[in-house]
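The following paragraphs lead through a protein model, from a single side chain to its wider setting. Please keep the sequence and the structure in view while reading.

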Amino acid sequence: MIFTCNKQDLQDAILIAQKAITGKSTLPILEGILIKAQENTLTLIGSDKDVSIETKLVADIKQPGDIVIDSKIFGEIIRKLPNDKITIETLDKNTVQITCLKSVFNIVYMDANQFPELPMINENQIFSIPQSTLKNMIKGTSFAITQDESRPILQGILFEVNDGHLNLVALDGYRLAIRTELLDTSNSINAVIPGRTLIEVAKILEDSDENVNITFTTNHILFSLENTKVISRLLEGEYIKYNSLLPQEYKLLVNVKRQDLQNGIERASLMSTDSNSNLIKLNIESDTIIITSNSQLGKVREEVAIDLQGESLQIAFNSRYILDILKNMEAEEIVMEFTSSVSPCILKDKESDNCKYLVLPVRLIK
């Protein structure tokens, strides 16, 4: 195998393929990147069997071939080479030579035949969504997946297509995140995708109106961009019936500027960092939310102007759970719905119905 390509193009492709390599595999071959050189196209593939990422770039292929190179050392070498043309060729004794200007590296490569084949996916049944839209939907839900390995289904994000809408849903037992967008499809899909997969997909997606094509099979999902494909297994099992968790009515409604509330809670939470609960208390009155926090460090009181419909209420939250939600909302003004001091709070955009968040309060000992 002999080929020449641009250093920056190769470096970018390595960074994309590396997103599938966890470093936790017991198979040495999965610590490497599969490189396929053929017909003036260089294909790089990284995989941990659960997630595989394939990306392509243009190269001058003088002699086709396939090899696997250790991902970490290969990435470091290419990153530190001068910004010029790079030539890579295989030599005797399973070594590959990397040359750029006056720099020459010789490293050992592995047999490409040992690399696992990617799942075969029929790309006839697809639907499309703008990259920026999907990226925002993932960002707006992925923070709410659980880190608890004993509940693997909740380490994923529900990918639900129904009635021309795409819903992404994540929950961890303390909060629930739902993002919704219109979708031009009549298909119905209900699948759970590993949260890690979608987080890596979001890093590859661009803030553009260019579409990403999505294909499902019984066991896998495929995301196709112009030069990159991400294939992931789906999680097995039934997702929680999240709609049953949402309160059907409320007794108290608050309109508030999102950034004002976020700033007030961030300042108040400075006094709650010495405990695991990050406890803050909200005293909701006619035109004000009074935010307080007391700890061994001291105490704090913040006031945020609101528009209130309903009676006053005192309620407490883990500040981190509220802040995660506020940071991932986009509207200038939001709505908060309350029922009681021990019932979930719902947060929504005031002008749009494309997101809904639920957070459980902390029960106060009286």
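Is Arg196 buried, partly exposed or exposed, and what is its relative accessible area? The model is a predicted one, and in it Arg196 has a relative accessible area of 31%, so it counts as partly exposed. Its side chain meets that of Asp48 in a salt bridge, with a distance of 3.0 Å from N to O. This pair joins distant parts of the chain, 148 residues apart: Asp48 lies in the loop between strand 3 (41-47) and strand 4 (51-58), whereas Arg196 belongs to helix 4.

Helix 4 itself deserves attention. Of its 10 residues, 7 are buried, so the helix is largely enclosed by the rest of the structure. The buried residues include Gly195, Leu198, Glu200 and Ile204.

The loop between helix 4 (195-204) and strand 15 (211-216) holds Asp209. Asp209 is exposed, because its relative accessibility is 66%. Together with Glu206, Glu210 and Glu226, Asp209 forms a patch of negative charge on the surface.

Further salt bridges can now be considered; the structure holds 16 of them. One of these connects Glu76 with Arg79, whose closest N and O atoms are 3.0 Å apart. The two residues are 3 positions apart in helix 2 (residues 71-80), so about one helical turn separates them. Glu76 is partly exposed at 35% relative accessibility, and Arg79 is likewise partly exposed, at 42%.

Another salt bridge joins Arg175 and Asp172, with 2.9 Å between the closest N and O atoms. Here Arg175 is buried, at 5% relative accessibility, and Asp172 is buried as well, at 9%. Both residues belong to a network of salt bridges that also links Arg320 and Asp324.

Asn167, placed in strand 12 (residues 165-171), is buried with a relative accessible area of 13%. The side chain of Asn167 makes a polar contact of 2.8 Å with the side chain of Thr180.

These details can be set against the whole protein. Its secondary structure consists of 6 helices and 26 strands. The C-alpha trace spans about 80 × 50 × 35 Å along its principal axes, and 51% of the 366 residues are buried.

Methods. Residues are numbered from 1 along each chain as its sequence is written. This is a predicted model: local features need pLDDT of at least 70, side-chain atom pairs count only at pLDDT 80 or more; totals for chains, interfaces and linings use all residues. Side-chain values use heavy atoms; hydrogens and water are left out. Patches are made of residues with over 30% relative accessible area and no salt bridge: like charges are joined within 9 Å, nonpolar side chains (Val, Leu, Ile, Met, Phe, Trp, Tyr) within 5 Å. Accessible areas come from the Shrake-Rupley method with a 1.4 Å probe; for residues, only the protein chains shown count as cover. A salt bridge is a side-chain nitrogen of Lys or Arg within 4 Å of a carboxyl oxygen of Asp or Glu. Lys and Arg count as positive and Asp and Glu as negative; His and the chain ends are not counted. The place of a charge is taken as NZ of Lys, CZ of Arg, CG of Asp or CD of Glu. Helices (H or I, at least four residues) and strands (E, at least two) are DSSP runs, numbered from the N terminus. Buried means under 20% relative accessible area, exposed over 50%, partly exposed in between (1.4 Å probe, protein chains only). A polar contact is a pair of N or O atoms within 3.5 Å; within protein, one must be able to donate a hydrogen and the other to accept it, and residues adjacent in sequence count only if both atoms are side-chain atoms.
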